[in-house]
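These are my notebook entries on a single structure. I record below what I looked up, entry by entry.

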Amino acid sequence: MDESKLNQLKHFVEQCKSDPSILSDPSISFFREYLESLGAKVPPSAYKNEDTKAKSYVVESDDDMEDLGGGQANIEEEDEDEIIESDIELEGETVEPDNDPPQKMGDPNVEVTEENRDSSQLAKVKAMEAISDGKLEEAIENLTEAILLNPTSAIMYGTRASVYIKMKKPNAAIRDANAALEINPDSAKGYKSRGIARALLGQWEEAAKDLHVASNIDYDEEINAVLKKVEPNVHKIEEHRRKYDRLRKEREEKKVERERQLSPC
């Protein structure tokens, strides 16, 4: 760093010491957060002009390279071909993926007799009673029995998927939801269960797609409630993607222009 820039930086630091509220300027929030990442204690006045705290520790565009203003320091320019994406603040409950061995699935080629269908329904009734009593493991056992007796029922798979969701086992729920959709591509319960399970895994965009399909097939309030939690995250992800697509496009255009100007006529 040359001497003039070093003097600017010293002057800026002195200003911050005498008036920490300077750091509340959103345009230099990255500098304040850099100080915090080093373990520095920043006074409350450094946040007075911000409603929310953005997570970003990198220079995101060429505009951020400009002077910080009022004799403040320049930030050294990074490699112009490198754009490091900032984090996205997302909300909503997520869980660690369940890595249990795959659950038992029915044989789709088995011949299902009327007796098997009746026995499958009885097993489902027992499962529903177990769910009401909060006995989820017992419910899974009964639903597995129902599925083995009648592996052609999308409802059985969808119901077991919903129990796996209650147990916070989204991967197991997705396997059952996929099985339900293979049997019945219009299974609202299959799309709903898969959508909720994907939301638990933080797969927000995939979750939204499934939940919208489920809602179009058979709307219910639970789907709507989950969508209200999922869609804000989807919008943030889409905005984030558009922002960095734009930055990369601008960077590429500038690179092409520099190469054009440097190339011999």
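**Entry 1: Helix α7**

I listed the buried residues of α7 and found Ala188, Gly190, Tyr191, Lys192, Ser193, Arg194, Gly195, Ile196, Ala197, Arg198, Ala199 and Leu200. Buried means under 20% relative accessible area, exposed over 50%, and partly exposed in between, with a 1.4 Å probe and protein chains only. I note that this is a predicted model, in which local features need pLDDT of at least 70 and side-chain atom pairs count only at pLDDT 80 or more, while totals for chains, interfaces and linings use all residues. Residues are numbered from 1 along each chain as its sequence is written, and side-chain values use heavy atoms, with hydrogens and water left out.

Helices are DSSP runs (H or I, at least four residues), numbered from the N terminus. Helix α7 covers residues 188-200. Because twelve of its 13 residues are buried, α7 is largely enclosed by the rest of the structure. I then looked up the partners: the buried residues of α7 pack against α5 (154-166), α6 (170-183), α8 (204-217) and α9 (221-262). Contact here means heavy atoms within 4.5 Å. Just after α7, I found Gly202 with a positive phi of about 80°.

**Entry 2: Gln103**

I located Gln103 in the loop between α2 (29-37) and α3 (114-132). Gln103 has a relative accessible area of 10%, so I recorded this residue as buried. Leaving aside neighbours within four places in sequence, Gln103 is in contact with Arg160, Tyr164, Ala172, Arg175 and Asp176. The side chains of Gln103 and Asp176 are joined by a polar contact of 3.1 Å. A polar contact is a pair of N or O atoms within 3.5 Å; within protein, one must be able to donate a hydrogen and the other to accept it, and residues adjacent in sequence count only if both atoms are side-chain atoms.

**Entry 3: Salt bridges**

How many salt bridges does a search of the whole structure find? I recorded eleven, a salt bridge being a side-chain nitrogen of Lys or Arg within 4 Å of a carboxyl oxygen of Asp or Glu.

One of them joins Glu85 and Arg248, with the closest N and O atoms 2.6 Å apart. This pair links distant parts of the chain, 163 residues apart: Glu85 is in the loop between α2 and α3, and Arg248 is in helix α9. I noted Glu85 as partly exposed at 38% and Arg248 as partly exposed at 36%.

Finally, I returned to Lys192: this residue is linked with Asp220 and Glu222 in a network of salt bridges.

Key
Helices (H or I, at least four residues) and strands (E, at least two) are DSSP runs, numbered from the N terminus. The expected span of a helix is 1.5 Å times one less than its number of residues.
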